[in-house]
Amino acid sequence: MDKLIITAALVGAEVTREDTPWLPVTPEEIAEAAMEAREAGAAIAHIHVRDDAGNPTQDREVYRRAIELIRRKTDIIIQVSTGGAVGMSAEERLQPVSLKPEMASLTTGTVNFGNGVFMNPPDMIERFAEEFERYNVAPEFEIFEAGMVENALRLVRKGYFKDRHLHFDFVMGVPGGIPATADHLLHLVRQLPPGATWTVAGVGRHQLPMSALGIVLGGHVRVGLEDNIYYRKGELATNAQLVRRVVRIAREMEREVATPDEARKMLGLV
Ligand code: KMH
Ligand code: ZN
C-alpha cells in the first residue's frame, strides 16, 4: 500500500474555545498547531481562520498571515478551506484561493449541515473550479454526500482540473450528511476513477473507527479538532495527540506514514 497521508484539520469553523481550550484560533496558534501536527506525523494542514473575536472568517489577510507563519515553521502542505462556514457567500469563501496555496478544499454539492444548509449549487461549484484553475490551486474534493463524487467527476468531464491528480476527502458523520459507516465508505470508494486517492474524515466519535478503516482500506486519514475534539469519551484532545494516535495505529498495521514531500509526489503537487 502507498504510504499514509495524514491530514490535520486544525480548527474548522464550528468548534469554539468554549468547547475546548486546545482549539488554535489566532494565526500564531494555528501555525504552532500546524508545526506540532507535522512533528506528530501529519503531511497536510487543512486550515480555516478566525477573526479577533474567534468567529469564522475567510478574510484573505488573516489567511495570508496564518500561511506565512506556518511556512516559517514547517514544510507541511497547507490546504485552505473554501467551505468557510454555513451562510457565507461564494466570494467571501473564495478569498484565500488568490493567495495560491498548494491546495484548497472544494465541496461539490449542497448538504444539510446540522441545523443549517451548506450551499454549493452547480454554478457556484463551477465558479470555484474556475478560480482554482486561475490561481493554479489543487483541489481536494470535499464529499459530504454520495452524489458529490459524481458532481466532482462532472466538473472533470467538463474540462476542469484536466491534468490534475484527483484527490477526495470523504467527510462522514456530519448530521445531515452521509453516515460514517463502513458500508457507506465502501460505496464512496467504489465511485472513484482509477488513480484517484481518498482520505476519510469521521466526525465526532466516528473519527477513530473511520481512521482505522482508512488505514486498512488503503485510503488516507484526516483527524483534528475541526471534526472531533475528544481523545475518548469525556477527554479532550489536542490536534497533535489525534495525529499521533493515527501514526501509532498505522505503524501497528504496517502502514508507513508519508512526509509532506512524499505526499506532494503522491498528490501530484510537484
Ligand atoms: N464548515 C463547513 C460548513 C471545507 O472546509 O471545505 C464546511 C467545511 C468544508 O468545513
Ligand atoms: Zn474545513
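His48 is buried, at 5% relative accessible area, where buried means under 20%, exposed over 50% and partly exposed in between, with a 1.4 Å probe and protein chains only. Welcome to a predicted model, in which local features need pLDDT of at least 70 and side-chain atom pairs count only at pLDDT 80 or more, while totals for chains, interfaces and linings use all residues. Residues are numbered from 1 along each chain as its sequence is written, and side-chain values use heavy atoms, leaving out hydrogens and water.

**Zinc site**
- The zinc ion (ligand 2) has His46 (NE2), His48 (NE2) and Glu226 (OE) as protein donors, 2.1 Å from it; donors are N, O and S atoms within 2.8 Å of the metal (3.2 Å for Na, K and Ca), and sites may look incomplete because water is not among the atoms.
- Along the sequence, these donor residues follow the spacing H-x1-H-x177-E.

**Around Ile47**
- Beyond its neighbours within four places in sequence, Ile47 is in contact with residues including Leu10, Ile30, Tyr63 and Val80; contact means heavy atoms within 4.5 Å.
- Ile47 and Leu10 are among the residues with the most contacts inside the largest nonpolar core, which has 85 residues. Such a core is a set of buried Ala, Val, Leu, Ile, Met, Phe, Trp, Tyr and Cys residues joined through side-chain atoms within 4.5 Å.

Methods. Chains are lettered from A and ligands numbered from 1 in the order in which they are written.
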